[in-house]
Amino acid sequence: MAMEEILTHAATDGPLHAALTQLDDAAKLIGLDDAIHHKLRKPKRVMMVSIPTLMDDGTTEVFTGYRAQHSMERGPCKGGIRYHPDVNLEEVIALAMWMTWKCAVVNIPYGGAKGGVICSPKDMSEGELERMTRRFTTELVEVIGPEKDIPAPDVYTNAQTMAWIMDTYSMQKGYSVPAVVTGKPIALGGSLGREAATGRGCVFTIREAMECLGIAPDGARAVVQGFGNVGSWAARLLEPLGPKIIAASDSRGGCYNPDGISVMELLAHKDETGTVVGFPGTDTVTNEELLELECEVLIPAALEESIHEGNAANIKARMIAEGANGPTTPEAQEILNDKGIFVIPDILANSGGVTVSYFEWVQGLQAYFWTEDEVNDRMEKIMVRAFNEVYAEHEKRGVDMRAAAMAVAVGRVAEAQAMRGIYP
Ligand code: NAD
């Protein structure tokens with residue numbers, strides 16, 4: 001399908017429609033130059049590759065993989081690779097575009113990319129996944145690299161996947177290239193602090209927002225939807241700042257105690273039973289009920305579109321910090337705005353992860369590794385600065401934080417593009 005067709009099709013719905021609408025709104029808000037606007041509506045480059053893979057039963061399956069690179073105006077591209085049956089080009093382009101804004105909002109020197117392979121990783125053996133990953137990497141070898149495009153884990157890919165990519169790329173080059181991916185195992189040059197980074201960054205933005213909104217941390221009530229990596233780290237790091245975590249959930253449901261839940265004990269319970277449900281001293285709530293609890297801070301850290309037109313009017317949080325990507329639909333955002341609920345948007349609230357990925361790349365390039373405290377301190381500075389820049393834009397323009405974050409991000413990319421000019 002031609003790029004025009006993809007973009008035209010996206011005019012009706014889907015993630016690319018949402019991404020393009022957000023860009024168009026930001027362009028209008030900041031008075032973006034038309035030529036730059038048109039350029040940013042399209043990815044710089046899209047690779048579509050076939051990935052013949054020897055399966056364990058001796059047959060060969062030919063998977064389809066994509067890598068979309070949206071923008072390289074501010075530096076190499078950065079973005080995850082996902083393995084999922086629903087991967088499609090439109091979504092990959094939209095996710096690449098969001099990565100451009102996420103990197104720009106925290107002002108790290110990257111553009112956005114995203115990749116994916118259409119496959120069912122849960123039905124594949126470790127050997128099949130390894131062979132598919134190595135062939136996919138080989139097909140991408142000319143377009144990825146530390147100075148071009150640096151992949152990372154995403155849905156159903158992990159540190160092991162990154163180790164295979166790093167090894168395959170290194171074998172092709174003839175020397176070790178740790179900075180070709182981030183999210184690597186520590187033994188191969190992964191960064192300390194990466195595992196907690198997204199939750200930690202989210203907490204920095206919540207702390208700053210509480211100060212701006214005059215919410216006292218002590219005794220503030222926080223609710224976490226999705227007690228996985230992002231949600232549990234956010235809960236764990238928010239609790240010592242004063243707020244009590246009154247509810248948390250996972251895919252099986254949630255637990256609630258208005259007097260507060262000990263996060264460390266809840267983690268132990270989840271380790272033991274596989275779920276937060278049934279934690280002693282709590283009531284069981286559904287995920288729908290959990291989102292509608294009265295609280296100061298709501299952290300959606302599970303899925304896209306969990307706050308939508310159907311439930312936004314019932315949300316009673318004072319602020320929402322989007323740990324997940326895309327948890328609030330555009331219709332819900334309008335309802336939340338009308339209710340005066342302050343939303344720290346995903347491209348800001350969960351950008352601690354890509355920030356520490358950036359640190360991993362820097363450490364890999366320099367072959368000089370930082371302590372965990374150094375990582376956390378540097379990330380805090382970046383997150384606090386980014387939050388305050390977006391908050392200032394929100395005040396100056398009188399728009400919600402999402403529009404403000406987009407204005408900051410698109411403005412930065414546009415400035416770089418204008419200075420570089422349109423080649424040739
Ligand atoms: P994860 O798999 O570790 O955790 C997800 C959690 O959500 C799990 O506890 C799961 O049980 C729960 N969940 C699934 N379906 C649910 C439902 N219907 N209701 C409530 N809970 C449900 O994933 P993660 O890495 O924590 O990622 C969570 C979100 O954060 C995703 O949107 C991801 O894209 C985003 N994100 C993650 C990172 C990162 O560094 N991990 C960075 C940026 C954004």
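Biologist: In which hand does α7 pass α13?

Modeller: The crossing of α7 past α13 is right-handed; that word applies if the near helix is turned clockwise from the far one by less than a right angle, and left-handed applies if anticlockwise. The model is predicted, with local features needing pLDDT of at least 70 and side-chain atom pairs pLDDT 80 or more, while totals for chains, interfaces and linings use all residues. Residues are numbered from 1 along each chain, and side-chain values use heavy atoms, without hydrogens and water.

Biologist: Why is α7 called oblique to α13?

Modeller: Helix α7 (residues 194–213) and helix α13 (residues 352–366) pack at about 140 degrees, with axes 7 Å apart. Angles under 35 degrees count as roughly parallel, over 145 as roughly antiparallel, 65 to 115 as roughly perpendicular and the rest as oblique; therefore α7 is oblique to α13.

Biologist: What makes α5 oblique to α6?

Modeller: Helix α5 (residues 126–140) and helix α6 (residues 159–173) pack at an angle of about 45 degrees, with their axes 9 Å apart. That angle makes α5 oblique to α6.

Biologist: Which residues of α7 meet α13?

Modeller: R194, A197, T198 and G201 of α7 meet G352, G353, V356 and S357 of α13, where contact means heavy atoms within 4.5 Å.

Biologist: What lies 2.6 Å from an oxygen atom of the ligand?

Modeller: A polar side-chain atom of T198 lies there. A polar contact is a pair of N or O atoms within 3.5 Å. For N287, a polar side-chain atom lies 3.1 Å from a ligand nitrogen atom.

Key
Axes fitted to C-alpha atoms, helices over the stretch in contact; angles between N-to-C directions. Helix = DSSP H or I, 4+ residues; strand = E, 2+ residues; numbered from the N terminus. Polar contact = N/O pair within 3.5 Å; in protein donor to acceptor, adjacent residues only side chain to side chain.
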